[in-house]
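Take a look at the model first, then work through the points below.

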Amino acid sequence: MVAAMIHPRHDYEDRGQGQVFRFFDDLAAEQQDELTRQASNIDLDEVERLYQTLVKNPGAGNESLADELQPAEFVPLPENGGSEVLWKEAYETGEAALRAGRVAAFTVAGGQGTRLGFDGPKGTFPVTPVRNAALFQVFAEKIRAAEARYGKPMPWFIMTSVINHEPTVDFFERHGHFGLDPERVHFFSQGLMPAVDEDGKILLAEKGSIALSPDGHGGSLRALVRSGAIDRMEADGIDTISYFQVDNPLVRCLDPAFIGFHLLGNSEMSSKALPKAYPEEKVGVFCRDGDGRDVVIEYSDLPERLANERDAAGELRFRAGSIAIHIFDRDFVKRLGTGADPDAVLPFHRAHKKVPHVDESGNAVSPTDPNAWKFEMFVFDSLPFAKNPVIIETAREDDFSPVKNAEGNDSPQTCRDDQLRQYARWAKAAGLEVSVDAETGLPAVAFEVTPTFADTEDRFLEAVAALDSKPVIVDETVLDCPDEE
């Protein structure tokens, strides 16, 4: 036990990071054990490499890429020129995979609702217009709808973080896992990376605790491997992973057409693209690099002249926005997550942040300006390593309305309005009497359609047609399945 505690301390001192153990002798035994555990889980070689390459000697930026980048190709929706025959084949192929039990849902849910002014895991944030159902509940109901439709359990893997793991698990337990089999809902935490100061020294959050932060949504791939989730999938016959982030209640989290395109293309990674609303929209852009590989360039890294460039039809030339909806082949995740392939390693990115810490005297410091560097990985950086990547177009109104900000764009209000617009479109298509504002598309009354009643327009038309009489839509109507009432 003593040797296990001494080893990391000596290693850190030898590597010029002895400040991590500066207060070690003054700590209680439990605090010493915790600090030792944290230090043992940090790859000092990796930290030093990231500091040298990303902080001391950063690249010259992406303007030099401007001449070699081209827009990535994507499969357009039928209404935008895509083949209806191909989309139908993809849908049927995806449905076959769902019926065969080959697909798992995977939600990245490591964040807190801080930017929303909400105290708790973001997935517990109430988001629907009438029931105020939480994001997690919406996804659970979509998964239950798929289970009922295809006659197979749909495993759900949820990646939390050290800051919200226990509250997330508790939330599911208090709500009976929203009707899902608890044995099919799997939680695990993502990895952590230390923050370093301008000199590359690892910071302490407290005398007995390292300043750690999540390693980014790209860390989800190695977390799937390290947690044993990939082995569980393999044992259960799961070979297709439907990835989505926790802040988007409109997402079609088990989309048959998307799954089908992925499988028909024999793809290791597939992605959904959304036409950007305007050049400055804060989404990454699918591009093709000089080596002919599909890549995602962050909105902040895309040269301005490319972001504003338009084609002969007046549309943005680089318009295929990445909205963090992907499908992964299980073995591809295993290859990237283990790091076994030296030619397929996700890069880290740096972020200059304000990181509270303790100084050399052990005094707490709350910086007013960025004082430290954090390192994180982005999941879309997997794309250039994937064989046969597939990118398909999706419609914003059907698949994307994230909740990120307390007000303004991508806020609870815009998300609520987008849900209401979707319900109103479905209701009008089914011939229900709903008054809709011609300018905004918003219904005159607030109502809600639960995912277990219908999760797409086609399913809504089927559900309404199966009723003995058409429902009457009034304020706070909730269309739900009879066995849910």
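What volume does the largest cavity have? The answer is about 180 Å³. Keep in mind that this is a predicted model. A search of the whole structure finds 1 cavity of 30 Å³ or more.

**The largest cavity**
- The lining of the largest cavity is made up of 18 residues.
- Lys-142, Pro-249, Gln-422, Tyr-423 and Pro-451 lie nearest the centre of this cavity.
- Helix 5, helix 13 and strand 19 (447–449) each give at least two residues to the lining.
- Helix 13 gives the most, with 4 residues.
- By class, the cavity lining holds 8 nonpolar, 4 polar and 6 charged residues.

**The second largest pocket**
- The second largest pocket holds about 850 Å³ of space.
- Its lining counts 35 residues, and the closest to the centre are Tyr-91, Arg-252, Asp-398, Thr-456 and Asp-458.
- Several elements each supply at least two lining residues, among them helix 4 (84–99), helix 9 (256–264), strand 18 (390–393) and helix 14 (457–465).
- Helix 12 (396–399) and helix 13 (412–429) are also on that list.
- Helix 5 (135–150) is there too, and the largest share of the lining, 5 residues, comes from helix 5.
- Sorted by class, the pocket lining has 18 charged, 15 nonpolar and 2 polar residues.

**Cysteines and disulfides**
- How many disulfides does the structure hold? The count is 0.
- The cut-off for a disulfide is 2.5 Å between the sulfur atoms.
- Cys-253 is buried, with a relative accessible area of 2%.
- Cys-287 is buried as well, and its relative accessible area is 0%.

**A look at Cys-481**
- Where is Cys-481? Cys-481 sits in the segment after strand 20 (477–479).
- Is Cys-481 buried or exposed? Cys-481 counts as buried because its relative accessibility is 17%, and buried means under 20%.
- Leaving aside neighbours within four places in sequence, Cys-481 is in contact with Thr-450, Thr-452 and Phe-453.
- Cys-481 and Ala-454 are 27 residues apart in sequence. In space, their C-alpha atoms are 8.8 Å apart.

Definitions and conventions
Residues numbered from 1 in each chain as written. Predicted model: local features only at pLDDT ≥ 70, side-chain atom pairs only at ≥ 80, totals over all residues. Heavy atoms only, no water. 1 Å grid on protein atoms, 1.4 Å probe; cavity = no way out; pocket = protein on both sides within 12 Å on 5 of 7 lines; lining within 4 Å. Points joined across faces, edges and corners; volume = space filled by probe spheres on them. Nonpolar A, V, L, I, M, F, W, Y, C, P; charged D, E, K, R; others polar. Buried < 20%, exposed > 50% of the residue type's maximum accessible area, 1.4 Å probe, protein only. Contact = heavy atoms within 4.5 Å.
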